[in-house]
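Grab your viewer and work through these exercises one at a time. Each task comes with a step-by-step solution.

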Amino acid sequence: MTDSTLDALNQKLDRLIEAVTRLAPPPVPQTDLAGADCFVWQADPGYLEPVRKVNRVDIGLIRGVDRVRDILVDNTERFAAGFAANNVLLWGARGMGKSSLVKAVHAAVNGSDQLDRPLKLIEIHREDIDTLPKLMGLLKAAPFRFILFCDDLSFDHDDTSYKSLKAALEGGVEGRPANVIFYATSNRRHLLPRDMIDNERSTAINPSEAVEEKVSLSDRFGLWLGFHKCSQDEYLDMIDGYVRHHGLAIDPETLRAEALEWATTRGSRSGRVAWQFTQDLAGRLGKPLTD
């Protein structure tokens, strides 16, 4: 075989190796759990992506939910200190600060300076719930305590991933790791659409058992914290808190009138509507919103 033939073969082999290398999946990034307090679970390829700047508000700005706020703070403090605590389902009206409260409580507990190690918050997306056992397996040997957080959790008619969640929370052979707790928000108390539950009841041979299978998922959450539509006074109190926090100068009577008009045009009152009004007001006043 001539030298030119060998050179040609080597070049082809090099191109083949390069092509195969491109087809290989990239290496899974290594997560430094000590490098951040908040992460997002990336199910594929399976690593925790650190969040350097978390989108959250100060716990003092969350109004109208004082009772559930205190319950969640107490549960989270006990868990962070190594004591028994419950999985929590925050359910109810849209825009009333369910997910904001979880993030705010996490920051408040970490800011107490009473922990040996910071509490970690990990967000898992709804579509990745079936990878929850894999995530728990990665966390159980870590020297930290973790809140796994899923926002807007619910399941549809043909979705069976709720069974993975049931097993991961309490029903599996290993059970939930002692250093992991699960917080979820949902507009549905039982995480399943009402017509799905009604259909199971009407078509099953044993209706009570069929419904029990579906609603037993919410029983895995030891705490159910309900969020309900706020009153007009609570709505105005939310706006007043935002306006004072961000230093927006406006006549109180004008503020009240504009805030009520804003809620009327939206057809609802909630923490989200109050925040949207505050953003609009700051923009009209030419004032930036502080972090």
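**Exercise 1.** In which loop is Asp-152 found?

*Solution.* Before we start, this is a predicted model, where local features need pLDDT of at least 70, side-chain atom pairs count only at pLDDT 80 or more, and totals for chains, interfaces and linings use all residues. Residues are numbered from 1 along each chain as its sequence is written, and side-chain values use heavy atoms, with hydrogens and water left out.

Step 1: Asp-152 sits in the loop between β5 (146-150) and α5 (162-171). Helices (H or I, at least four residues) and strands (E, at least two) are DSSP runs, numbered from the N terminus.
Step 2: for context, most residues other than glycine have a negative phi, and most peptide bonds are trans.

**Exercise 2.** Work out how α8 packs against α10.

*Solution.* Step 1: get the geometry. Helix α8 (residues 232-245) and helix α10 (residues 271-285) have axes that come within 9 Å and cross at roughly 40°. Axes here are lines fitted to C-alpha atoms, for helices over the stretch in contact, and angles run from 0 to 180 degrees between N-to-C directions.
Step 1: classify it. The pair is therefore oblique (under 35 degrees is roughly parallel, over 145 roughly antiparallel, 65 to 115 roughly perpendicular, and the rest oblique).
Step 2: list contacts (heavy atoms within 4.5 Å). On the α8 side, Tyr-235, Met-238, Ile-239, Tyr-242 and Val-243 take part, and their partners in α10 include Trp-275, Phe-277 and Leu-281.
Step 3: sort them. The contact of α8 with α10 has ten nonpolar, two polar and no charged residues. Ala, Val, Leu, Ile, Met, Phe, Trp, Tyr, Cys and Pro count as nonpolar, Asp, Glu, Lys and Arg as charged, and the others, Gly among them, as polar.

**Exercise 3.** Now bring in α9 and describe how it packs against α8 and α10.

*Solution.* Step 1: α8 and helix α9 (residues 252-266) pack at about 120°, with axes 11 Å apart, which makes α8 oblique to α9.
Step 1: that contact divides into nine nonpolar residues, one polar and one charged.
Step 2: the axes of α9 and α10 come within 10 Å and cross at roughly 125°, which makes this pair oblique too.
Step 3: the α9 residues in the contact with α10 include Glu-258, Trp-262 and Arg-266, and those of α10 include Asp-280 and Arg-284. By class, there are seven nonpolar, one polar and four charged residues.

**Exercise 4.** What is the volume of the largest pocket, and which residues lie nearest its centre?

*Solution.* Step 1: the volume is about 940 Å³.
Step 1: of its 34 lining residues, Asn-55, Arg-56, Val-57, Ser-100 and Lys-103 lie nearest the centre. A pocket, on a 1 Å grid over the protein atoms alone, is an open set of points where a 1.4 Å probe fits, with protein on both sides within 12 Å along at least five of seven lines; lining residues have an atom within 4 Å of a point.
Step 2: by class, the lining has ten nonpolar, 13 polar and eleven charged residues.

Conventions:
Grid points are joined across faces, edges and corners, and a volume is the space filled by probe spheres set on the points.
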